[in-house]
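Please look at the model before reading on.

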Amino acid sequence: MTAFLTTGTGIAQKFAFVDTEYILGRIPTYKSALEQLDKISAEYQKEIEAMYTQVDQLYKNYQKEKVLLTEEQKNTKEDGIVAKEKEIKDLQKKYFGAEGAIFQKRQELVKPIQDEVYKAVKELAIEGGYAVIFDTSSGAGILYENPKYNMSDEVLGKLGYKN
């Protein structure tokens, strides 16, 4: 069994925490950016749903006509339906994929605000001599937090916002 001992060398580490959700929720430009993203996302979703409705109608029409079609006509209609479904999936990826339009818009609208919050936290950490500042909004397994060490309002102040 190994034991680790620490000796009192007089060096105390300072810790604090912030709640980035709380901070960001009090920044009007952040709220506006999220509203813009939601609006754009809803428009894209509406467009995709309309396309799926078209595919559904194509399929229903195909089912009705299938008995009257030649094998070649069936294949042509089936290929058309499959191509339309692939087009929709490609569009979904273009809009909502990992590097899609929503991601790009989020990078444009939200990331600069998050970067400013990070910069303010870093400055406060340096100014206050904090070794670590935790983010309680991420639920990183913090079981207890003393409000005395919550620096969220200080971060907002550093950014020029009042609580």
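A search of the whole structure finds 8 salt bridges. A salt bridge here is a side-chain nitrogen of Lys or Arg within 4 Å of a carboxyl oxygen of Asp or Glu. The model is predicted: local features need pLDDT of at least 70, side-chain atom pairs count only at pLDDT 80 or more, and totals for chains, interfaces and linings use all residues. Residues are numbered from 1 along each chain as its sequence is written, and side-chain values use heavy atoms, with hydrogens and water left out.

| Pair | N to O distance |
|---|---|
| Asp56 and Lys60 | 3.3 Å |
| Lys105 and Glu108 | 3.2 Å |
| Glu123 and Lys158 | 3.6 Å |

**Pairs within a helix.** Helices (H or I, at least four residues) and strands (E, at least two) are DSSP runs, numbered from the N terminus. Asp56 and Lys60 both belong to helix H2 (residues 28–65). They sit 4 residues apart, about one turn of the helix. Lys105 and Glu108 are 3 residues apart in helix H4 (residues 101–109), again about one helical turn. An α-helix has 3.6 residues a turn, so residues three or four places apart point the same way.

Asp56 is partly exposed at 38%. Lys60 is partly exposed at 42%. Lys105, at 25%, also counts as partly exposed.

**A pair between helices.** The side chains of Glu123 and Lys158 meet in a salt bridge. This pair links distant parts of the chain: Glu123 lies in helix H5 and Lys158 in helix H6, 35 residues apart. Glu123 has a relative accessibility of 29% and is partly exposed. Lys158 is partly exposed too, at 34%.

**The buried side of H6.** Helix H6 spans residues 152–159, and its buried residues are Ser152, Val155 and Leu156. They cover an arc of only 100° around the axis, so they lie on the same side of H6. The arc is taken from the directions from the helix axis to the C-beta atoms. What covers these buried residues includes strand E1 (15–18), helix H1 (20–25) and helix H5 (111–128). Contact means heavy atoms within 4.5 Å. Just after H6, Gly160 takes a positive phi of about 95°.

Note on methods: Buried means under 20% relative accessible area, exposed over 50%, partly exposed in between (1.4 Å probe, protein chains only).
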